Amino acid sequence: RVLFRSFKQTHYLYRNISNIMKILRIAVTGSAGSGKSIVCERFKAIGLVTLDCDIIARQVVEPGMPGFKKIVEVFGQKMVQKDGTLDRAGLRNVIVEDAILRKKMEDILHPQIAVEMVSQIENAVYKKEKAVAVEVPLLFELGMEKQFDVTIVVAAQDMDLVKRISKRDKVSKENAQKVLDLQM
């Protein structure tokens, strides 16, 4: 694996090998709040297909989907909001505090997320560039790094990460730190 330090270097690599490869698969990873989405926005701006595993995670737990059914089966009806959708905030609170329940949730969702991600990569419409950038927060934790040709790690100072997560997710700094502690 090669870690590229600049967007220009990655774009240069893409330009030089795109004729050889069918689809260049770029993983964009890093801690929560590190700026992965900003990197993917830049890739999208130059014509790459971009995917976000957090969005895919929401898709696999939509009402009626197998992931939703299994989460409710394991965690109970208390994880369903009045509108019939998954109580993501409630689920996050449970899994941050309980490693056993977190493992159960990961065992349910991570395989479904991986399958859906691969499906979306294969079925995407590549109009401009033959490349896809996928935002994968838990790339190494899930052992998914081998599914990509290039890995970009986005990093930031811990204190900045805590502030960003706290603001974005509307959680306390303590809870934001707990989220970070779950990642490499």
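User: How do β1 and β4 pair, parallel or antiparallel?
Analyst: This is a predicted model, and in it β1 and β4 are parallel, joined by five bridges. Strands here are DSSP runs of E with at least two residues, helices are runs of H or I with at least four, and both are numbered from the N terminus. Two strands pair if DSSP finds at least two bridges between them.

User: Which residue in β4 is the bridge partner of T29?
Analyst: V153 in β4 is the partner of T29.

User: And what holds strands together like that?
Analyst: In a sheet, strands pair through backbone hydrogen bonds, either parallel or antiparallel.

User: How many bridges join β1 to β3?
Analyst: Five, and that pair runs parallel. V28 has E135 in β3 as its bridge partner. E135 is also the bridge partner of D52. Between β2 and β3 (residues 131-135) there are four bridges, again parallel.

User: What's the order of strands in the whole sheet?
Analyst: The sheet is open, has four strands and goes β2-β3-β1-β4, with parallel pairing. β2 (49-52) and β4 (150-154) have a single partner strand each, so they are the edges and one side of each lacks a neighbour in the sheet. On average, neighbouring strands are turned by 20° against each other, direction ignored.

User: Which helix packs on the sheet?
Analyst: Helix α2 (residues 36-45) does, touching β1 (24-30), β2, β3 and β4. The direction of α2 makes about 155° with that of β1. Axes are lines fitted to C-alpha atoms, for helices over the stretch in contact, with angles from 0 to 180 degrees between N-to-C directions. Contact means heavy atoms within 4.5 Å.

User: Why is β1 called largely enclosed?
Analyst: Six of its seven residues are buried, so the rest of the structure largely encloses β1. Buried is under 20% relative accessible area, exposed is over 50%, and partly exposed is in between, using a 1.4 Å probe and protein chains only. Of the protein's 184 residues, 41% count as buried.

User: Switching topic: which residues have the most contacts inside the largest nonpolar core?
Analyst: I71, L91, L109, M117 and V134, in a core of 30 residues. A nonpolar core is a set of buried Ala, Val, Leu, Ile, Met, Phe, Trp, Tyr and Cys residues joined through side-chain atoms within 4.5 Å. At least two residues each come from β2, α3 (53-59), α4 (66-75), α5 (88-97), α6 (99-123) and β3. α6 gives the most, with seven residues.

User: What does I71 touch?
Analyst: Leaving out residues up to four places away in sequence, I71 touches V61, G76, L86, L91, M105, I108 and L109.

User: What's the average pLDDT?
Analyst: The protein averages 80, and 83% of the residues score at least 70. pLDDT is the predictor's confidence in each residue, from 0 to 100. The score stays under 50 over residues 1-6 and over residues 12-21. Where pLDDT is low, the predicted coordinates should not be read in detail.

Key. Residues numbered from 1 in each chain as written. Heavy atoms only, no water.
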